[in-house]
Amino acid sequence: MILTCAIIDDEPLAAELLESYARKTPGLRLVGVYGSAVEAMKELRGNPVDLLFLDIQMPELSGLEFASILPKETKVIFTTAFDRYAIDGYKVNAADYLLKPISYDNFLLSVNRVAESLNESERQKAMANDGFIYVKSEYKLVKVSFSDILYVEGVKDYVKIYSRDGRKPVMSLMNMKKIEDYLPKSCFMRVHRSYIVNMSAVEMVDRGRIVMGDAYIPVSESYKEQVQEYIDRHTLA
C-alpha cells in the first residue's frame, strides 16, 4: 500500500529533514512540501493526501486550525518542538505526535502505525462489503454472515456469536473490541460491556432491557443514551 503524503512546516531545516525521511521510506510517495498551511491549502484542497506531516506553530493558520478543516480520510502526524500541544493534537484526531528534533526511527515507527491502521480499516471495509467474516472456533474456521447474527456476548477472553436461527453459538477466542471493529456500524451497536446487538433484530425494549427471543440483554448506563437515540429514530409518535 503506497501512501501519498505532504509536509507543512515553516522552518526550512525541519521541512528538509522530514522530506529526506519521507523520500527514503518505502510505502510513502511525497507530493509536496509547503512553508505554510495557507500555501498547502491551495494545492491540497482538490487533491487530498493520505498522510500529512504538520507543524503546529505557524503564522496565519496554525496546524491545529488547519487539521480541523481537513477531510477525515487524511491522517495527520503533528511535528512540533512543544509537547504542550499533545492533548490539543489528539482533540483533532491526530494519528500521531512527533516531538522535534525528530529521529528517523521515531518517524518510521509513526508512519508504520498509520499504515497498519489504514490497512486494518481497508480490511474492515472489504469485509463489511462482503457481508461475512470467518472466525476461529474449535480448530476450525467458521463462516459467519452479518445478517445471521442476533447478538454477540463477551465471556472472559472469548466471544459467543448467537445466530437468528437458534443454532449453537459460535465461540471464538477474541475480545469484544476486535469483533466490534469489524461489524457494520449501520446495524450493530454496543449496548453493554459484554453485549453487541444487531439492532435490526431487536423485538422489544422492556424496562431498559433488549428482548431478542428468549434473551433479555441489559443496556448499561454508559450506552443507554446512544441506544435511546437509535430507538427514538425508529419510533412512531
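Two groups are in contact here when they have heavy atoms within 4.5 Å of each other. In this predicted model, the buried residues of helix H2 pack in that sense against strand S1 (3-8), strand S2 (28-34), strand S3 (51-55) and helix H3 (63-67). The points below cover this helix, an open sheet and a hairpin.

**Helix H2**
- Helix H2 spans residues 37-44, and Ala37, Ala40 and Leu44 are buried in it.
- Viewed down the axis of H2, the buried residues lie within an arc of 60°, so they line one face of the helix.
- An α-helix has 3.6 residues a turn, so residues three or four places apart point the same way.

**The open sheet**
- An open sheet is built from 5 strands with antiparallel pairing, in the order S10-S9-S8-S12-S11.
- Strand S10 (170-173) and strand S11 (188-192) are at the edges with a single partner strand each, so one side of each has no neighbour in the sheet.
- On average, neighbouring strands of this sheet are turned by 20° against each other, direction ignored.
- Within the sheet, 6 bridges pair strand S8 (residues 149-155) with strand S9 (residues 158-163) in the antiparallel sense.
- Tyr151 has Tyr162 in S9 as its bridge partner.

**The hairpin of S14 and S15**
- Strand S14 (residues 209-212) and S15 run antiparallel and are joined by 4 bridges.
- Met212 is placed opposite Ala215 in S15.
- There are 2 residues between the strands of this hairpin, and Gly213 has a positive phi near 65°.
- In a regular strand the side chains alternate between the two faces of the sheet.

Notes. Residues numbered from 1 in each chain as written. Predicted model: local features only at pLDDT ≥ 70, side-chain atom pairs only at ≥ 80, totals over all residues. Heavy atoms only, no water. Pairing = 2+ DSSP bridges. Axes fitted to C-alpha atoms, helices over the stretch in contact; angles between N-to-C directions. Buried < 20%, exposed > 50% of the residue type's maximum accessible area, 1.4 Å probe, protein only. Arc of directions from axis to C-beta.
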